[in-house]
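I opened this entry to keep track of what I looked up, element by element. The structure comes first, and my notes follow.

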Amino acid sequence: MAFAAYTPTGVRYDLLLQSLTPGAPFDSARVESLLVARGAKARPEGGHLWQLDFGAVEVHPLREGGQWIATEVRVPLSDRADLLREVVTKGLALASEAEVRFFDPQLGRELSKREEDAVAEQYLRTARYASDTLGMAEAMPMPAATETEGFQPTTKFALGVVAFFVLLYLLVNWMGDQLAGG
């Protein structure tokens with residue numbers, strides 16, 4: 001993989017492929033060759049695009065001090081966790097074959113098949129946060145609250161009370177005129 005400058009284009013959920021032992025050299029060539037064998041295509045700006053059944057994920061080198069220390073798997077946020085679950089399953093198989101570990105920085109632990117539900121829950125929490133707080137609704141098709149048409153209930157009540165007293169005034173005024181003229 002070619003070096004690519006880190007330019008965040010949006011909020012996403014990142015997972016890492018890293019050496020089994022923290023601080024040990026990372027076999028990036030093995031991971032990259034296995035990704036390419038699984039259909040990952042090189043991107044002109046660096047990294048790879050890995051097309052899966054439920055969507056595509058970006059795969060980029062993670063460098064520290066100029067040294068490749070891990071591979072980032074960048075999962076775009078969505079209101080469904082299908083793509084993430086597929087990434088976890090296929091990422092675990094890739095990690096096993098490459099003899100590296102698959103790590104979730106948000107949960108702070110190495111992943112296993114048993115962790116899929118916890119990862120999916122954290123992913124959906126991140127997606128909701130991005131949608132609600134960061135205004136990522138255009139990138140995140142989460143169902144948004146729709147505005148109701150018409151007046152609020154308290155406004156309707158106040159208008160009803162005013163209308164009642166106006167009608168009462170007109171009725172009393174009309175009855176007074178009837179009694180005075182009759």
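**Strand β1.** I began with strand β1 (residues 12-19), where eight of the eight residues are buried, so the strand is largely enclosed by the rest of the structure. By buried I mean under 20% relative accessible area, with exposed meaning over 50% and partly exposed in between, using a 1.4 Å probe and protein chains only. Helices (H or I, at least four residues) and strands (E, at least two) are DSSP runs, numbered from the N terminus.

I kept in mind that this is a predicted model, in which local features need pLDDT of at least 70 and side-chain atom pairs count only at pLDDT 80 or more, while totals for chains, interfaces and linings use all residues. Residues are numbered from 1 along each chain as its sequence is written, and side-chain values use heavy atoms, with hydrogens and water left out.

**Partners of β1.** Which strands does β1 pair with? I found that β1 runs antiparallel to strand β5 (residues 67-76), to which seven bridges join it, and that Tyr13 stands opposite Val75 in β5. With strand β6 (residues 100-104), β1 pairs in the antiparallel sense over four bridges, and there Leu16 stands opposite Phe103. Two strands are taken to pair if DSSP finds at least two bridges between them.

**The sheet.** I then traced the sheet, which is open, has seven strands in the order β2-β3-β4-β5-β1-β6-β7, and is paired in the antiparallel sense. Its edge strands are β2 (41-42) and β7 (109-110), each of which pairs on one side only. β7 is joined to β6 by antiparallel pairing over two bridges, and I noted Arg109 in β7 as the bridge partner of Asp104.

**Helices on the sheet.** Helix α1 (residues 28-37) lies across β1, β3 (48-52), β4 (55-64), β5 and β6, and runs at about 30° to β5. Helix α2 (residues 82-98) also packs on the sheet, where it touches β1, β3, β4, β5 and β6, and its direction makes about 155° with that of β6. For these angles, axes are lines fitted to C-alpha atoms, for helices over the stretch in contact, and the values run from 0 to 180 degrees between N-to-C directions. Contact means heavy atoms within 4.5 Å.

**α1 against α2.** How do the axes of α1 and α2 cross? They come within 10 Å and cross at roughly 135°, and the two helices are therefore oblique to each other. Under the scheme I used, angles under 35 degrees count as roughly parallel, over 145 as roughly antiparallel, 65 to 115 as roughly perpendicular, and the rest as oblique. The crossing of α1 and α2 is right-handed; a crossing has that hand if the near helix is turned clockwise from the far one by less than a right angle, and is left-handed if anticlockwise. At the contact, Arg30, Val31, Leu34 and Leu35 in α1 meet Leu94, Glu97 and Ala98 in α2. I sorted these residues into five nonpolar, no polar and two charged, where Ala, Val, Leu, Ile, Met, Phe, Trp, Tyr, Cys and Pro count as nonpolar, Asp, Glu, Lys and Arg as charged, and the others, Gly among them, as polar.

**α2 against α3.** The axes of α2 and α3 come within 10 Å and cross at roughly 140°, which makes α2 oblique to α3. Here too I recorded a right-handed crossing, of α2 past α3. Leu84, Arg85, Val88 and Thr89 of α2 make the contact with Glu116, Asp117, Val119, Ala120 and Tyr123 of α3. By class, that contact has five nonpolar, one polar and three charged residues.

**Single residues.** Ser131 is found in helix α3 (residues 116-132) and is buried, with a relative accessible area of 12%. From Ser131 to Ser78 I noted 53 residues in sequence and 9.3 Å in space, C-alpha to C-alpha. Glu99, in the loop between α2 and β6, has a positive phi of about 60° although it is not a glycine, and at 57% relative accessibility Glu99 counts as exposed.

**Whole chain.** Of the 182 residues of the protein, 36% count as buried.
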